[in-house]
Amino acid sequence: DYIFAGSRKSRYTFKDFRQEELICIRSSEDEDFEVPCLFLQRSSSTSLVIFCHANAEDLKSVYPTAEYLRQALQCHVLVPEYPGYGACKGCPSSKGLNESVMAACLWAADFLSLQPQQIVIWGRSIGTGPAFHVASSGLAGGIVAISPFTSIQDVARDVAGNLGSLLSTGCSDWNNVEKMRGLTCPCVIVHGMRDEMIHYKHAVAIHEQGKNRRRLALMENVGHHDSSLLECAARAYHEFFLFPDKPIIVQFRDLVLAPGKEGEAGIPTFFLQLLKQRM
C-alpha cells in the first residue's frame, strides 16, 4: 500500500459520471476480472489515447486530465482503472496494473477495430510502468512517458539508499530501461528537472537505451506535479506521431448493461475472449 498509494483513496460511484463516459471490461473466462474505464469520445478523431494515471489518482480525480487531452489532442481518451484503486476490485500490484492496461488495448482492438498505429499509450509517474509494458507488446503505435522511472527499486534507492532498494525488492517487476531497449514504436519522454519524487536522471537513462524514434524533453524549474509537463507532451503529440486520416467511428451494438447500485444506471459492459491467454 506504500508503493501503490492510490489504494487508500475513497471510492467513486456511477453517479460521478455521465452514463456515456464509462465502460466496463470483463473476461469471458474469469468472472472476477473487471476493469472500469473512463471513455471520453471526440467526434472525427483519428486516434485513441490510453492514459495510465499516476499513483494518487483514480478515474474521478484524473477526469480533468482526460478532458484536457480530449480537447488538446482532438482524440478519444480511454483511462483504465487499476485493481485496488477507485471502484476497481482487487489488490494493487504491478501485475494487476499491467493487466488492466493490456485489457484496455485489447478492447480497443476488438470493439473499436483499431490498428496499433491508431493507439498511443500515455503513462504518468507510476503509470509509465504499465505503459512501457503494453507498448513493448506491439499493441500500440507509440508511447508518451511523463515523469518515468527506470524501476521502483531505483526510485527507492534514490530516497532511502540501499535499504530502500532492499525493502522494495519484489514489490514490482517493472524495468522501463529494459522495455525501452526492445521498443520499436516512437516514444516521447517528458520530465521536470526539479522533480522531487523521481529524479530526471531516470528519464535520461531510459532515453539513452532506446533504438527507436524518440524524443526527450527536460523542463527546467518544473516539479513532479506541474501541469506544464502535460502541456509539453501534448504539443509533441501531433508533431511526433502520424495517424491515418480515417476517423474512428464508435458504434456499440448489442450492449450488455452492468447493473449499478440501487438508483444508478448500468454501464456498457464488454466481455473479452481468451483474455488471460492474450496477455
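Where in the chain does Ser44 lie? Ser44 is in the loop between strand E2 (34-40) and strand E3 (48-52). The legends below describe close-up views of a predicted model.

**Figure 1. Overview of the predicted protein chain.** The model is a prediction. The protein chain has 8 helices and 10 strands. Of its 279 residues, 54% count as buried. Among contacts between residues at least 6 apart in sequence, 73% join residues at least 24 apart.

Figure 2. Ser44 has a phi near 70 degrees, a positive value in a residue other than glycine. The loop that holds Ser44 runs between strand E2 (34-40) and strand E3 (48-52). Ser44 is exposed, because its relative accessible area of 60% is over the 50% cut-off. Ser113, likewise not a glycine, has a positive phi of about 55 degrees. Ser113 belongs to the loop between H2 and strand E5 (119-124), and this residue comes just after H2. With 54% relative accessibility, Ser113 counts as exposed.

Figure 3. Helix H2 has 18 residues. From its first C-alpha to its last, H2 reaches 26 Å, close to the 26 Å expected at 1.5 Å a residue. Of the 18 residues of H2, 14 are buried, so the helix is largely enclosed by the rest of the structure. The side chains of Glu99 and Lys95 meet in a salt bridge, with an N to O distance of 2.7 Å. Both residues are in H2 (residues 94-111), 4 residues apart, which places them about one helical turn from each other. An α-helix has 3.6 residues a turn, so residues three or four places apart point the same way.

Figure 4. Arg157 forms a salt bridge with Asp154, and their closest N and O atoms are 2.7 Å apart. The two residues lie in helix H4 (residues 152-167), 3 residues apart, or about one turn of the helix. Arg157 is partly exposed, with a relative accessible area of 34%, and Asp154 is also partly exposed, at 25%. Elsewhere, salt bridges that share partners join Arg18, Glu20 and Glu21 into one network. Arg18 is partly exposed, with a relative accessible area of 47%. Over the whole structure, a search finds 9 salt bridges.

Figure 5. Leu73 is in helix H1 (residues 63-73). Its relative accessible area is 0%, so Leu73 falls under the 20% cut-off and is buried. Leaving aside residues up to four places away in sequence, Leu73 touches Val49, Tyr68, Trp122, Ala234, Tyr237 and His238. Leu73 and Arg42 are 31 residues apart in sequence, and their C-alpha atoms are 9.6 Å apart in space.

Figure 6. The structure has 1 cavity of 30 Å³ or more. The largest cavity holds about 30 Å³ of space. Its lining consists of Tyr12, Phe14, Leu22, Pro36, Leu59, Ala87 and Ile267. By class, this lining has 7 nonpolar residues, with no polar and no charged ones.

**Figure 7. Gly86 and its separation from Pro36.** Gly86 is found in the loop between strand E4 (76-80) and H2. At 4% relative accessibility, Gly86 counts as buried. Gly86 and Pro36 are 50 residues apart along the chain, and their C-alpha atoms are separated by 9.2 Å. Pro36 is also one of the residues lining the largest cavity.

**Figure 8. Helix H3, a mostly covered helix.** In helix H3 (residues 128-135), 7 of the 8 residues are buried. The buried residues are Thr128, Gly129, Pro130, Ala131, Phe132, Val134 and Ala135.

Note on methods: Residues numbered from 1 in each chain as written. Predicted model: local features only at pLDDT ≥ 70, side-chain atom pairs only at ≥ 80, totals over all residues. Heavy atoms only, no water. Buried < 20%, exposed > 50% of the residue type's maximum accessible area, 1.4 Å probe, protein only. Contact = heavy atoms within 4.5 Å. Salt bridge = Lys/Arg side-chain N within 4 Å of Asp/Glu carboxyl O. Expected span 1.5 Å × (residues − 1). 1 Å grid on protein atoms, 1.4 Å probe; cavity = no way out; pocket = protein on both sides within 12 Å on 5 of 7 lines; lining within 4 Å. Points joined across faces, edges and corners; volume = space filled by probe spheres on them. Nonpolar A, V, L, I, M, F, W, Y, C, P; charged D, E, K, R; others polar.
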